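Trainee: Can you take me through this one? I'd like to know how the terms are defined as we go.
Mentor: Fine, here it is.

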Amino acid sequence: MYTIKDMYDVSETIAGDLFEGKTYPWEVLPEIGDFILKLGETLPEDEFEHPKEDIWIHKSVTVAETATLNGPLIVDAGTEIRPGAFIRGKVIVGKNCVVGNSTELKNVVLFNTVQVPHYNYVGDSILGTHSHMGAGSITSNVKSDKTLVVVKNGAEQMETGLKKFGAMLGDYVEVGCNSVLNPGTVIGRNCNIYPLSSVRGVVKENSIYKDRDHIVQKR
């Protein structure tokens with residue numbers, strides 16, 4: 001089963017300390033909100049604005065007038081939040097990211113240089129540096145029967161104890177348009193997911209996911 005070290009360069013996020021002492025990336029999900037409140041109070045006032053309670057935004061960030069921002073929230077330098085974006089809270093957005101039109105974020109960490117630019121829902125998820133979600137692709141974060149999420153890797157199964165768990169995307173993952181990442185999806189580094197995919201379980205790093213029966217390794 002992929003660990004934090006297998007999937008992420010934690011130097012590529014302002015939230016590096018959030019991952020300390022953890023083995024698997026989904027272990028941080030229940031702690032994101034409290035971590036933001038603690039980190040926000042330490043951010044330099046000459047670099048970050050504090051426009052509302054529990055919200056810290058770097059002064060270099062571009063925020064469209066029609067975007068909705070709710071805390072707890074930290075947005076790091078150079079990021080663009082486009083018209084119609086909806087940030088529900090418990091969100092950390094890294095440097096040089098794009099949060100686009102009609103994209104909704106909730107209880108997530110976006111590492112630096114992540115793009116979620118068009119009609120994306122990302123909830124209870126971690127997106128590694130340089131990962132990109134194509135237009136209309138989403139993370140589904142609750143099972144239809146509302147039972148706790150189990151991460152499945154072939155015959156190996158790991159209980160998470162979480163009712164809400166979207167997807168863990170490693171560094172440099174490309175998700176094709178209109179794909180659904182089902183609850184408990186874990187995608188290793190440097191993977192490409194074909195458009196219109198429905199993804200479950202663990203996808204091995206350096207893979208091209210065409211469908212569940214056609215996953216090939218990159219050369």
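Mentor: One definition to start: buried means under 20% relative accessible area, exposed over 50%, and partly exposed in between, with a 1.4 Å probe and protein chains only. This is a predicted model, where local features need pLDDT of at least 70, side-chain atom pairs count only at pLDDT 80 or more, and totals for chains, interfaces and linings use all residues. Residues are numbered from 1 along each chain as its sequence is written, and side-chain values use heavy atoms, with hydrogens and water left out.

Trainee: How many salt bridges are there?
Mentor: The structure holds six. The criterion is a side-chain nitrogen of Lys or Arg within 4 Å of a carboxyl oxygen of Asp or Glu. One of them joins Arg82 and Glu80, with the closest N and O atoms 3.3 Å apart.

Trainee: What does Glu104 pair with?
Mentor: Arg88, with the closest N and O atoms 2.9 Å apart. That pair links distant parts of the chain: Glu104 sits in strand β10 and Arg88 in the loop between β7 (86-87) and β8, 16 residues apart. Helices (H or I, at least four residues) and strands (E, at least two) are DSSP runs, numbered from the N terminus. Arg88 is partly exposed, with a relative accessible area of 37%.

Trainee: And Asp124, which residue does its side chain meet?
Mentor: Lys106, in a salt bridge of 2.6 Å, N to O. Asp124 is in strand β12 and Lys106 in strand β10, 18 residues apart, so to speak a link between distant parts of the chain. Both Asp124 and Lys106 are buried.

Trainee: Switching to helices. Which residues of α2 are buried?
Mentor: In α2 (residues 32-40), they are Ile32, Gly33, Phe35, Ile36, Leu39 and Gly40. Down the helix axis they fall within an arc of 160 degrees, so they line one face of α2. The arc is taken over the directions from the helix axis to the C-beta atoms.

Trainee: What is on the other side?
Mentor: Asp34 and Lys38 are exposed there.

Trainee: What covers the buried face?
Mentor: The cover of the buried α2 residues includes β2 (55-58), β5 (73-75), β8 (91-93), β10 (104-110) and β12 (121-127). Contact here means heavy atoms within 4.5 Å.

Trainee: What is the phi of Asn107?
Mentor: Positive, about 55 degrees, although Asn107 is not a glycine. Asn107 is in strand β10 and is buried, with a relative accessible area of 7%. Leu196 also has a positive phi, near 65 degrees. Leu196 is in the loop between β21 (192-193) and β22 (198-199), and counts as exposed at 68% relative accessibility.

Trainee: Last topic, rings. How many aromatic pairs?
Mentor: Five. Rings of Phe, Tyr and Trp (its six-membered ring) pair if their centres lie within 6.5 Å; planes under 30 degrees apart count as stacked, over 60 as edge-to-face and the rest as tilted. Tyr8 and Phe19 have ring centres 6.3 Å apart and planes at 45 degrees, so that pair is tilted. Ring pairs link Tyr8, Phe19 and Phe111 into a cluster.
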